[in-house]
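Please look over the model below.

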Number of protein chains: 2
Amino acid sequence: MTEPRFSARRRDDARAGDKRERILRAAVKVFARKGFYASRVSEIAKAAGVADGTIYLYFKSKDELLTSLFEDRITRLLEVLHREVEAVPSGPGRVRRVVELQLGLLEGERDLAEVITVNLRQSTRLLKQYATKRFTEYLDLMASVIADAQHAGELRADVSPRIVARAIFGALDGIALTWALGNAEPGGLTRAGTQLADVLLQGLLPRPTAA
Amino acid sequence: MTEPRFSARRRDDARAGDKRERILRAAVKVFARKGFYASRVSEIAKAAGVADGTIYLYFKSKDELLTSLFEDRITRLLEVLHREVEAVPSGPGRVRRVVELQLGLLEGERDLAEVITVNLRQSTRLLKQYATKRFTEYLDLMASVIADAQHAGELRADVSPRIVARAIFGALDGIALTWALGNAEPGGLTRAGTQLADVLLQGLLPRPTAA
DNA sequence: CCGCTGTGACTGAACCGCGATTCAGCGCGC
DNA sequence: GCGCGCTGAATCGCGGTTCAGTCACAGCGG
């Protein structure tokens, strides 16, 4: 951990946002390793290079630290997804794009992948109250991509977009989970994403005659 | 162990196995509602109709209670899956069977569905140490079903059985999760299972010419 | 220039509530 | 009367949270 502890400038460098971000980064790392409940605030503080008390200058509680973490990171993910989806013309290509993009992003941030796939479910409260909003937003995005393509006759229309969206979310989550918990071999996620997209797209093709 | 379930199981009649099972059932219910960490041992005791201390006569700790719960229930699930899979001739039908069976079983036990999908990830320790074994067993089953069918030329062979197995596990998990957290409409899981199987099987068909 | 002081970010050891676990009994069946 | 299964209030350690200080610096007056 780069610790610019030396000499002056310290005060200027360590802007509020900087320290907040440092705490968030440390939290991702620690939560990923031990899970939310098994993580001690003092460990996060140590990992961030701040005192225990400092965390409470930026977050109201340990709970709120986790909440903020999700808010921050998932919002970021959703922004990217929205933007990228719109850059691809409507159709099956969008499904592929979402699948590959999402796994590609997580591939670069193993810890985050683990926090999202594992810790998102740590607190039932979090999952039921907070996450629902973001989660729904995510499913809506996915479902509308599918519904659009169905409308255009590019994907089979005899399956519920919402069910497919859930399945895709789950499949991505499951793949990310096993990857993060396993040896996390480089390129593994990307490769898996391509294969998953292959299967899904073939599976979603319009059927010649839907008997 | 399966013991006399009927008869007037009053306090006097409460055999050891019975009480253990009662505690497990209560634990499923409470864990499902509040999550492992937010659940108090005293709540489980109350729900089971026993004293707090009694739980420690059957389980070494709260942790071990959760572990035993998984051991017990997932072993049961795996047994059913193994048996059922063998009852279906090798091929795509097996994949459908596993998918539909699994969701069908969870449909009847919403609480258990929630515990498995959510609480399985509560404790990173549990997930990393204990679950790995059962989880691998599960993935192996699924992967071998797929690999067999690929061998027989009944499913496309250009995708990794293991990746597909993970994706299927994830898809099932995601569907069960959203179902359990949502309104859990009756028949919803079964319907979702059928559709998922449809898409998967079409997606896994051998491709005319794997260019 | 230099020292003095006010300011506020940061520190970290102590506090305190909580809840898993324990264990000294209790009572029922034999 | 004895023992076994059970009870549930008391214990005790843990760890999130607090808050009395510390420290670096800026501004200011001399």
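The notes below start with conventions and then turn to the two protein copies.

This is a predicted model, in which local features need pLDDT of at least 70, side-chain atom pairs count only at pLDDT 80 or more, and totals for chains, interfaces and linings use all residues. Residues are numbered from 1 along each chain as its sequence is written, while chains are lettered from A and ligands numbered from 1 in the order in which they are written.

**DNA strand C.** Near means that a residue's C-beta atom, placed from the backbone, lies within 6 Å of the strand. Of the 17 residues around DNA strand C, those that come nearest are A51(A), G53(A), T54(A), G53(B) and S61(B). α4 (52–58) of chain A, with α2 (41–48) and α3 (52–58) of chain B, are the elements giving two or more residues to this surface. α4(A) gives the most, four residues. The classes are tabulated here.

| Class | Residues near DNA strand C |
|---|---|
| nonpolar | six residues |
| polar | five residues |

Ala, Val, Leu, Ile, Met, Phe, Trp, Tyr, Cys and Pro count as nonpolar, Asp, Glu, Lys and Arg as charged, and the others, Gly among them, as polar.

**Helix α6 of chain B.** Helices are DSSP runs of H or I, at least four residues, numbered from the N terminus. Six of the eight residues of α6 (residues 110–117) of chain B are buried, so this helix is largely enclosed by the rest of the structure. The buried residues are L112(B), A113(B), E114(B), V115(B), I116(B) and T117(B). Buried means 20 or more other C-beta atoms, placed from the backbone, within 10 Å of the residue's own.

Notes
A residue is buried if 20 or more other C-beta atoms lie within 10 Å of its own, exposed if 12 or fewer, and partly exposed in between; C-beta atoms are placed from the backbone.
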